[in-house]
Structure formats: C-alpha cells, structure tokens
Amino acid sequence: MRVNAYAAPAAGRPLTPTTIERRDVGSGDVLIEIEYAGICHSDIHTVNGDWGPQPFPVVPGHEIVGVVAEVGSEVTAHRVGDRVGVGCMVGSCGKCANCRNGDEQYCLDGMVPTYAGTDRDGTTTQGGYSTHVVVDAGFVLRVPDGIDPATAAPLLCAGITTYSPLRRWGAGPGKRVAVVGLGGLGHMAVQLAAAMGAEVTVLSQSLKKQEDGLRLGATDYFATSDPETFARLAGRFDLILNTVSAGIDVDAYLSLLAVDGALVNVGAPAEPLSLHAMSLIAGRRSYAGSMIGGIAETQEMLDFCAVHGIGAEVEVIPADQVDEAYARVLASDVRYRFVIDAATLR
Ligand code: NAP
Ligand code: ZN
Ligand code: ZN
C-alpha cells in the first residue's frame with residue numbers, strides 16, 4: 001500500500017511531502033489510519049544527524065494515535081474501529097531476558113525503532129508523519145476512551161519516557177521531584193509526578209513559563225539562569241529528571257540532590273555529558289538514564305492518564321508546517337507539544 005508521508009531527504013534538510021510503501025497486513029499485524037503524530041525532539045535529533053548517520057529518507061514520528069482499519073487473522077487484542085497508539089518501537093525478539101521481563105526497549109537483539117530502524121522483513125521502518133502504518137499487534141496500545149486523541153499522541157513517547165523513571169525511582173507522597181526543562185517531556189513529567197503525589201519543582205531556563213508549570217501541578221518553579229537557584233536548592237531533591245535536549249552542568253544539578261538522591265537523564269543531547277566523581281560520592285548520589293518504557297508499562301501509563309485526566313498540551317498543525325515547528329522546538333518555543341493532523345496529509 002502506497003501512502004502519503006513527510007520525510008527528511010538528508011541530514012539537516014527540510015522535510016518534504018513524499019509517498020512510502022506500507023507492507024501488507026500480516027496475520028499478526030494491525031493497519032492503523034493515523035489521526036495524529038506528535039513531534040518529539042528525538043525526531044529533530046535524528047533528522048539533524050545528532051545521533052549519527054541515518055538511513056535517509058527518514059519519515060519521523062513515534063507518537064502515533066489513530067483508528068484500526070484492518071487486523072490480521074490472528075489478532076485478538078484489537079478490532080477495526082478501535083482507537084490505538086504506537087510509540088517508539090514496533091518490534092523486539094520477544095524471547096530474551098529483557099523482553100520476557102517487559103523491558104522490550106532494552107531487547108538484547110535490539111528493539112525495532114518505529115522509524116529509521118530495520119524491520120523484521122529487512123526494510124527500513126518509517127514513522128508516523130504519514131496517513132497509515134502497519135504494526136505488529138504486540139506493539140499497538142489501546143488509547144482509553146476519554147483522552148482526546150490529539151492530546152494522547154504525545155503520551156506514546158513523552159508520557160512513557162517520564163512515567164517509567166518516575167515510577168522506578170519512587171515518585172510519590174513525601175518525595176521531592178525536580179523536573180529540568182519544561183518542554184514536551186518536562187510538561188508530562190510535571191503532570192505525572194504531581195498525580196503520583198510527589199512535590200514537584202520545575203527548573204527552567206527562565207521564569208517565562210512559571211504560570212504554566214504551576215498550573216500543570218508544580219508547587220515551585222525556579223530559573224536555572226539565576227545562580228541563586230543552585231545555592232538555595234542545594235541538597236533538596238530525592239529525584240531530578242533531566243529532560244533537557246542540550247548539555248547541562250551535571251555537577252550543578254547533582255548538588256541539588258539529597259543523600260541517596262538520583263539524577264535521571266532522559267534528555268539525549270548530541271554531545272557527551274561529564275561529571276566529577278565527588279559530586280556522586282558526597283551524598284551517595286546516583287546518576288542514571290532511562291529509555292522510554294516497556295509495552296505493558298506504556299499501557300499502564302495510558303490507563304493512569306485516563307484515570308487522572310492527564311494529556312499533553314498540544315498545538316495541532318498541518319503537515320506542511322513541520323519545519324517551522326522544528327525551528328520553534330529548537331528555540332524552546334513550544335507549549336508544549338506540536339502534533340501533526342494527519343488529515344492534512346490525505
Ligand atoms: P523539548 O520539547 O525541546 O524540551 C526540551 C526542553 O529543554 C526545552 O523546552 C527547554 O526547557 C530545555 N532546554 C532546551 N535547550 C536548552 C539549553 N540549551 N539549556 C538548558 N535547557 C534547555 O524536547 P523533548 O521532546 O521534551 O525532548 C527532550 C530530550 O529528551 C531530547 O533530547 C530527546 O531526544 C530526549 N528524549 C529521550 C527519550 C528517552 O527515551 N530517554 C525519549 C524521548 C525524548 P525550558 O525552556 O523550560 O528551559
Ligand atoms: Zn520521542
Ligand atoms: Zn528481546
């Protein structure tokens with residue numbers, strides 16, 4: 001099936017309309033008519049070559065929501081007409097220790113990324129900036145009724161990427177959580193951590209988005225451009241989630257952790273991050289990373305969002321505005337996720 005899409009033809013080049021081939025619906029597959037696709041900063045890192053060479057042309061998009069249009073003969077979990085979502089992966093071996101443990105994103109054989117990856121048939125995967133996608137049913141999530149589909153799309157990456165470490169590092173009542181960067185991931189982290197019962201602080205470059213941060217559930221908001229912030233908050237947090245897409249002064253943020261606190265990096269800048277060992281030693285602190293979340297955990301996150309009335313704050317755009325949207329994301333001018341209306345691709 002040939003479908004319309006938007007693709008980056010080469011590293012750093014503007015995205016342009018194109019058509020791509022989607023495979024036939026196999027016995028275990030689901031054909032999804034895409035309604036919305038979120039723009040994640042990872043899409044921009046990928047097409048700009050921040051993370052190394054890519055198999056161009058690349059159709060980005062791993063925050064996909066749509067409606068099931070067809071299912072294979074062996075699919076029982078999804079039916080035609082269901083609202084579903086697809087996140088950052090569309091396959092994994094299913095057999096290794098990590099897959100069996102529900103950590104498909106850490107598959108020892110390598111999970112199949114939703115775009116710019118090698119699919120099980122040897123072709124290159126193409127993402128959600130498109131009208132349709134065919135995905136193995138095991139990697140298709142149910143979008144609960146009651147979450148608007150446009151606001152649900154960013155949950156498939158920004159939502160799970162922040163939910164998973166918040167859960168793992170115990171965000172909840174009595175815990176002080178700081179979120180660094182109020183962008184797509186950051187604004188989800190604030191809502192999720194607050195719903196989990198934690199006390200949430202936003203650490204943003206400026207106070208420009210303070211009102212939003214407090215409305216989303218933070219109790220405190222500080223500007224990291226103000227050196228006073230680091231002196232005032234020294235030793236305060238149990239968990240700091242760094243969502244910044246660029247380099248940060250890791251030592252400065254580690255100094256904000258209480259004894260046994262953890263700084264968890266989900267931001268994935270192009271350049272290496274460095275730190276002094278003493279920043280960890282003095283305070284028995286940890287520095288960790290986390291990548292999206294497993295499939296079962298992603299479903300748990302979607303259900304959690306439905307129960308708590310959580311969704312992304314989105315600006316819905318037509319596909320031909322994707323380049324402007326990229327420029328605004330790079331300028332930290334996003335409130336708080338651009339979402340492509342796939343109807344504009346038909
Ligand atoms: P985003 O919407 O652009 O948000 C990033 C935020 O970081 C900005 O809004 C800004 O917040 C802050 N920021 C940007 N540049 C900065 C700089 N030079 N110095 C200090 N702060 C800066 O991006 P996103 O989509 O949330 O993604 C964030 C990062 O997470 C990206 O690197 C992305 O690739 C990565 N990511 C990782 C995973 C994973 O599995 N680990 C999944 C998805 C995304 P303020 O204006 O509030 O300062
Ligand atoms: Zn993403
Ligand atoms: Zn595996």
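**Exercise 1. How are the donor residues of the zinc ion (ligand 3) spaced in sequence?**

Before we start, keep in mind that this is a predicted model.

Step 1: find the donors. The zinc ion (ligand 3) is held by Cys93 (SG), Cys96 (SG), Cys99 (SG) and Cys107 (SG), at 2.3 to 2.4 Å.

Step 2: read off the spacing. Along the sequence, these donor residues follow C-x2-C-x2-C-x7-C.

Step 3: Cysteine 96 sits in the loop between strand E6 (89–91) and helix H2 (97–100), while cysteine 107 sits in the loop between H2 and strand E7 (112–113), so the pair ties together parts that are 11 residues apart in sequence.

Step 4: check the geometry. The angles among the 4 donor atoms run from 104 to 119°, and the site is tetrahedral. For comparison, the ideal angle for four tetrahedral donors is 109.5 degrees.

Step 5: check burial, where the cut-off is under 20% relative accessible area. Cysteine 96 has 12% relative accessibility, so it counts as buried. Cysteine 107 is at 7%, so it counts as buried too.

**Exercise 2. Work out which residues coordinate the zinc ion (ligand 2), and where they lie.**

Step 1: list the donors. They are Cys40 (SG), His62 (NE2) and Cys157 (SG), at 2.0 to 2.2 Å.

Step 2: write the spacing. Along the chain it goes C-x21-H-x94-C.

Step 3: see what gets linked. Histidine 62 is in the loop between helix H1 (41–47) and strand E4 (64–71), and cysteine 157 is in the loop between helix H3 (149–152) and helix H4 (158–168), so this pair ties together parts that are 95 residues apart in sequence.

**Exercise 3. Why is the pair of phenylalanine 230 and tyrosine 253 edge-to-face?**

Step 1: count the pairs. There are 2 aromatic pairs, going by ring centres within 6.5 Å.

Step 2: check this one. The ring centres of phenylalanine 230 and tyrosine 253 are 5.2 Å apart and the planes are at 80°, so the pair is edge-to-face. The cut-off for that label is over 60 degrees.

Step 3: locate the partners. Phenylalanine 230 belongs to helix H7 (residues 227–232) and tyrosine 253 to helix H8 (residues 250–254), so the pair ties together parts 23 residues apart in sequence. Both residues are buried.

**Exercise 4. Describe the largest cavity, then take a look at isoleucine 292.**

Step 1: get the volume. The whole structure has 1 cavity of 30 Å³ or more, and the largest cavity has about 70 Å³.

Step 2: sort the lining. By class there are 8 nonpolar and 3 polar residues, with no charged ones. Among the lining residues are Met89, Phe139, Leu156 and Ile292.

Step 3: zoom in on isoleucine 292. Its phi is positive, about 30°, although it is not a glycine. Isoleucine 292 lies in the loop between strand E15 (286–289) and helix H10 (295–308). With a relative accessible area of 8%, isoleucine 292 is buried.

Terms used. Residues numbered from 1 in each chain as written. Chains lettered and ligands numbered in written order. Predicted model: local features only at pLDDT ≥ 70, side-chain atom pairs only at ≥ 80, totals over all residues. Heavy atoms only, no water. Phe/Tyr/Trp six-rings, centres within 6.5 Å; stacked < 30°, edge-to-face > 60°. Helix = DSSP H or I, 4+ residues; strand = E, 2+ residues; numbered from the N terminus. Buried < 20%, exposed > 50% of the residue type's maximum accessible area, 1.4 Å probe, protein only. Donors = N, O, S within 2.8 Å, 3.2 Å for Na, K, Ca; no water. Tetrahedral: all angles 85-135°; square planar, octahedral: opposite > 155°, others 65-115°. 1 Å grid on protein atoms, 1.4 Å probe; cavity = no way out; pocket = protein on both sides within 12 Å on 5 of 7 lines; lining within 4 Å. Points joined across faces, edges and corners; volume = space filled by probe spheres on them. Nonpolar A, V, L, I, M, F, W, Y, C, P; charged D, E, K, R; others polar.
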